Amino acid sequence: MSAVAIQGVWKYFGDYPALKDISFDVEAGSCLALLGRNGAGKTTLLRILAGLSRSSKGEITILGKDARAEDTRRAVSVLGHGIGVYEELSAFENLRLFGRLYGLENPSQIAVEWLERTGLGRVRDGLVREFSRGMRQRLAVARAFLHNPSLLILDEPFTALDDRAIKMLQDLLRAALADGRTVIMSTHQLREALELATDVALINRGKLAFRGPRTQEMLEDPTWLYRHYGEA
Amino acid sequence: MRTKLIILFSVLAGGLLAWNLHTIFLKVPDEASQGAIFRVFYFHFPAAVTSFSCFFVAMFSGLIYLRTRNLRYDAAAAAINEVAFTFALITLITGMIWGRIIWGIWWAWDPRITSYFICLLMYFGYFMMRRAIDEPHRRARLSAVLAVLASVDIVIVWKSIEWFRTQHPGPVLEIRGGGGMAPGMEAPLFWNVLAFLMLETALILVRMRQQSIQSEIESLRRYAHAF
Amino acid sequence: MSFLSRTLAVASKDLRSEIRSKESINASVAFALVILLLFSFAFDPTSDQVREIAGGLLWLVFAFAGTLILNRSFARELVNDCLDALLASPVSGAQLFLGKTIANFVILMVVELLSMPVFTIFYNVHWTQSIWLLFVVMLLGTWGLTVIGTLFSAMTVNLRLRELMLPMLVYPMMIPALMGAIQLSTVLVAGDPVGADNQIWFRLLVAFDVIFTLLSLAFVETVLVG
């Protein structure tokens with residue numbers, strides 16, 4: 001069974017179609033790199049997959065269920081453009097909060113574990129408002145991984161990460177994939193994403209322009225896809 | 001098709017109104033205690049009754065939008081609310097005119113006029129909110145919810161102000177006065193309710209047509225800007 | 001049980017943030033004091049007539065000060081896209097809404113309790129046993145205020161002109177609850193017992209609270225997600 005099944009999805013903003021008849025599947029355990037120019041519709045699609053917005057037409061099945069179902073949301077992790085952590089809470093409090101919201105057994109313990117894993121152990125009680133940018137991003141990553149999601153939806157996760165954070169995220173993603181989890185990420189950082197990707201999809205002006213496995217050719221020449229399937 | 005409906009309703013409304021005006025001003029005698037000003041009631045009452053029910057109809061239209069996500073129901077709801085707002089304003093103004101003539105005051109905090117005023121405020125907020133949202137489905141969604149809250153609240157407001165005024169009696173702008181109206185005087189009232197309903201339907205249809213043209217322009221604009 | 005635990009997690013998150021930053025509480029209390037002061041210029045605080053409107057003054061102060069708090073309620077979630085993080089989590093709209101309403105309720109009650117001594121002093125109010133009943137009225141009235149305000153905070157969160165829209169939408173809708181609270185407060189401030197004809201206001205407050213809590217819970221998911 002596919003982890004994600006997208007069937008005939010359209011999204012209208014008024015009369016304007018942001019997504020036109022998108023259909024594809026994502027196999028469990030695969031890593032899909034979602035490419036496309038700005039304004040192509042990547043974020044719109046990811047938001048629908050994340051259950052943050054509804055499609056105008058079409059069906060989406062995530063892990064066999066509706067995107068908004070509680071079970072689905074518990075097994076899915078979303079990392080968008082914003083870091084999704086609270087400025088006035090400490091790193092520990094943030095993770096513990098999300099641990100509770102995701103129904104984890106030992107939110108405090110798991111929070112501490114993930115602080116260690118993302119290198120934030122020493123600042124566990126520091127307020128996020130005092131954190132540097134790099135530290136915030138690590139915390140965001142910790143929040144995304146903490147509840148052991150079966151599906152990770154990441155919207156341009158490598159943007160504005162420094163090199164150490166990029167490596168940390170790549171390692172975490174590799175470990176997750178090795179564990180049989182599924183990853184969908186949209187990206188402009190072609191190199192970092194294509195290294196991890198098993199599959200690739202290209203969205204062009206709201207339509208699916210390409211869907212297939214990631215080839216060696218794509219890895220060696222990251223703009224290959226755009227040249228062949230994207231607009232001029 | 002819609003144009004034909006609009007014309008049909010307008011003609012019927014116009015004709016009926018003209019005939020009613022003739023009856024009201026020429027045929028019906030002056031009312032016993034209040035005199036000529038009582039005729040304002042023939043406009044005040046239909047406006048009040050029709051606008052009030054229109055708000056509830058609009059609420060249902062909004063709920064149907066939430067169920068079907070068809071923007072036409074939102075367009076209908078907005079148009080109905082706009083017309084209802086206008087006629088609620090007419091209710092208020094005719095009530096004020098009557099109050100001025102009979103009681104010598106433009107305003108009195110009696111239950112009905114106060115409730116209508118609050119209703120107008122709530123729907124003014126409704127229109128302001130609609131103007132602040134560009135995306136049509138979001139606008140439709142939030143409008144539908146707001147309309148439900150407003151309609152429920154109108155009922156509560158009405159009752160609570162009545163209770164308030166029973167405890168703090170003030171001048172009661174009860175236009176109807178005593179027991180009822182003499183038989184011959186009631187008929188034009190109901191005819192005018194009918195006339196108002198037809199007029200409102202015509203106006204609603206016109207508004208809906210304007211809205212669909214407007215939304216087409218907006219989407220064309222969006223399309224043009226995307227490239 | 002997890003319904004409650006998630007609701008409380010949201011509520012405690014809001015309260016913790018507020019206690020640390022104190023942005024809403026400080027602004028709100030300052031605003032309340034300023035209004036009380038301004039009213040004392042508009043009306044002579046020592047005259048007996050003021051007793052009659054004291055209840056009204058009190059609730060106007062609470063309503064205005066409350067708006068400052070309620071405006072921030074969902075708006076604070078926009079920072080860092082936290083609202084998206086919450087909506088993507090298993091938290092339901094109802095839990096999120098209820099958690100925030102509870103937090104807003106607590107914060108507003110704190111503001112009100114801090115304003116009360118000032119009000120008592122400015123307007124020479126003599127409290128007897130009526131203080132406990134007044135507390136009940138405050139609980140009921142404040143809940144009505146926060147339920148409506150939190151729902152509208154959710155509705156206006158992404159709106160242009162949010163700070164203007166929220167008061168404009170909330171105040172007319174609040175009128176029945178304010179009326180009930182004002183009536184009861186006026187009676188209690190005057191030191192009179194709440195008679196049979198005033199009990200209707202208690203019933204109104206309770207009915208208002210119940211109806212709008214249920215309506216809000218029913219619609220909050222639609223408002224937030226679609």
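Let me begin with a definition, which is that two residues count as being in contact if their C-beta atoms, placed from the backbone, lie within 7 Å. With that in hand, and bearing in mind that what we are looking at is a predicted model, I can say of chain B that residues 24 or more positions apart account for 82% of its contacts with a separation of 6 or more.

Staying with chain B for a moment, its secondary structure consists of six helices and zero strands, so that is to say, reading from the N terminus, the order is α-α-α-α-α-α. The chain has 227 residues, and 37% of them count as buried.

Let me turn to how chain B meets chain C, a contact that takes 22 residues from chain B and 23 residues from chain C. On the chain C side, the elements that give two or more residues are α7, residues 162-189, and α8, residues 199-224, and of these it is α7(C) that brings the largest share, with nine residues. When the residues on that side of chain C are divided by class, we find 18 nonpolar, three polar and two charged.

The other interface I would like to show is the one between chains A and C, where 26 residues of chain A are in contact with 22 residues of chain C. Here, on the chain A side, α2 (70-75) and α3 (91-101) each supply at least two residues, and α3(A) gives the most, with five residues. By class, this side of chain A has 11 nonpolar, seven polar and eight charged residues.

Finally, which residues touch the most other members of the largest nonpolar core? In that core of 200 residues, they are A:L49 and A:I153, although the largest share of the core, 16 residues, comes from α7(C), the helix that also gives the largest share of the side of chain C that touches chain B. Leaving aside residues up to four places away in sequence, A:L49 touches A:V4, A:I60, A:I62, A:A67, A:I153 and A:I184.

Key: Residues numbered from 1 in each chain as written. Chains lettered and ligands numbered in written order. Predicted model: local features only at pLDDT ≥ 70, side-chain atom pairs only at ≥ 80, totals over all residues. Helix = DSSP H or I, 4+ residues; strand = E, 2+ residues; numbered from the N terminus. Nonpolar A, V, L, I, M, F, W, Y, C, P; charged D, E, K, R; others polar. Core = buried A, V, L, I, M, F, W, Y, C linked by C-beta atoms within 7 Å. Buried ≥ 20, exposed ≤ 12 C-beta atoms within 10 Å, placed from the backbone.
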